[in-house]
Amino acid sequence: MVAPKEIIDFLESILSIFLYDIRQKERSVFILVDNLVELSCKARIRERGKRITDQKDLKDFLKLANIGGELKKRLTNRRKERNTMQHDLVAVTVSHEHCADSILDLLELIKKLWGKYAFDGVDEWVD
């Protein structure tokens, strides 16, 4: 199954920022990746006909989307880092490598949610 166009469009925006020469782009991309992780889980949960009512954090969404193991651990740890960056310490930065790892985990998540055909039809530069 192909991932929804909205998810792919958001991913393309994130990749565009990451590949462009912008100061502190890693911080912005890291936050956007975390947002897309949550939105992707919510989109897939809704596609499966489940309701999202009382869920309040990423762990709930990952569980409902049937995401577990090491990927779940990495994604939830990054959520904690993002929360620290946005709510506690403005000076926290993200290395280029750590940011790239977050993007790779996002791609893994999307493949787990929509299967091996999740990226069929995406622009060649994204692939």
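This is a predicted model: local features need pLDDT of at least 70, side-chain atom pairs count only at pLDDT 80 or more; totals for chains, interfaces and linings use all residues.
Local features were taken only at pLDDT of at least 70 and side-chain atom pairs only at pLDDT 80 or more, whereas totals for chains, interfaces and linings use all residues. Residues are numbered from 1 along each chain as its sequence is written, and side-chain values use heavy atoms, with hydrogens and water left out. Helices are DSSP runs of H or I with at least four residues, strands are runs of E with at least two, and both are numbered from the N terminus.

Helix α1 spans residues 5-19 and packs against α2 at an angle of about 170 degrees, the axes lying 10 Å apart. Axes are lines fitted to C-alpha atoms, for helices over the stretch in contact, and angles run from 0 to 180 degrees between N-to-C directions. The two helices α1 and α2 are therefore roughly antiparallel (angles over 145 degrees; under 35 is roughly parallel, 65 to 115 roughly perpendicular and the rest oblique). On the α1 side, the contact (heavy atoms within 4.5 Å) is made by I7, F10, L11, I14, I17, F18 and L19. These meet K25, V29, L32, V33, N35, L36, L39, S40 and A43 of α2. By class, the contact of α1 with α2 comprises 13 nonpolar, two polar and one charged residues. In this classification Ala, Val, Leu, Ile, Met, Phe, Trp, Tyr, Cys and Pro are nonpolar, Asp, Glu, Lys and Arg are charged, and the others, Gly among them, are polar.

Helix α1 also packs against α5 (residues 96-114), the axes coming within 12 Å and crossing at roughly 165 degrees. This makes α1 roughly antiparallel to α5. The crossing of α1 and α5 is left-handed, that is, the near helix is turned anticlockwise from the far one by less than a right angle (clockwise for right-handed). From α1, residues I7, L11, I14, L15 and F18 take part, and they meet H96, C99, A100, I103, L106, L107, I110 and W114 of α5. The contact of α1 with α5 contains twelve nonpolar residues, one polar residue and no charged residues.

Helix α4 covers residues 69-87 and includes R78. R78 has a relative accessibility of 10% and therefore counts as buried (under 20% relative accessible area; exposed is over 50% and partly exposed in between, with a 1.4 Å probe and protein chains only). Residues up to four places away in sequence excluded, R78 touches F30, D34, H98, D101, S102 and D105. The side chains of R78 and D105 are joined by a polar contact of 2.3 Å. A polar contact is a pair of N or O atoms within 3.5 Å; within protein, one must be able to donate a hydrogen and the other to accept it, and residues adjacent in sequence count only if both atoms are side-chain atoms. R79, also in α4, is buried at a relative accessible area of 12%. With neighbours within four places in sequence left aside, R79 contacts D34, E38 and L58.

Q24, between α1 and α2 (25-47), is not a glycine but has a positive phi of about 55 degrees; its relative accessibility of 43% makes Q24 partly exposed. N66, between α3 (58-64) and α4, likewise is not a glycine and has a positive phi of about 65 degrees. N66 is exposed, with a relative accessible area of 57%. K56, in the loop between α2 and α3, is exposed at 77%.
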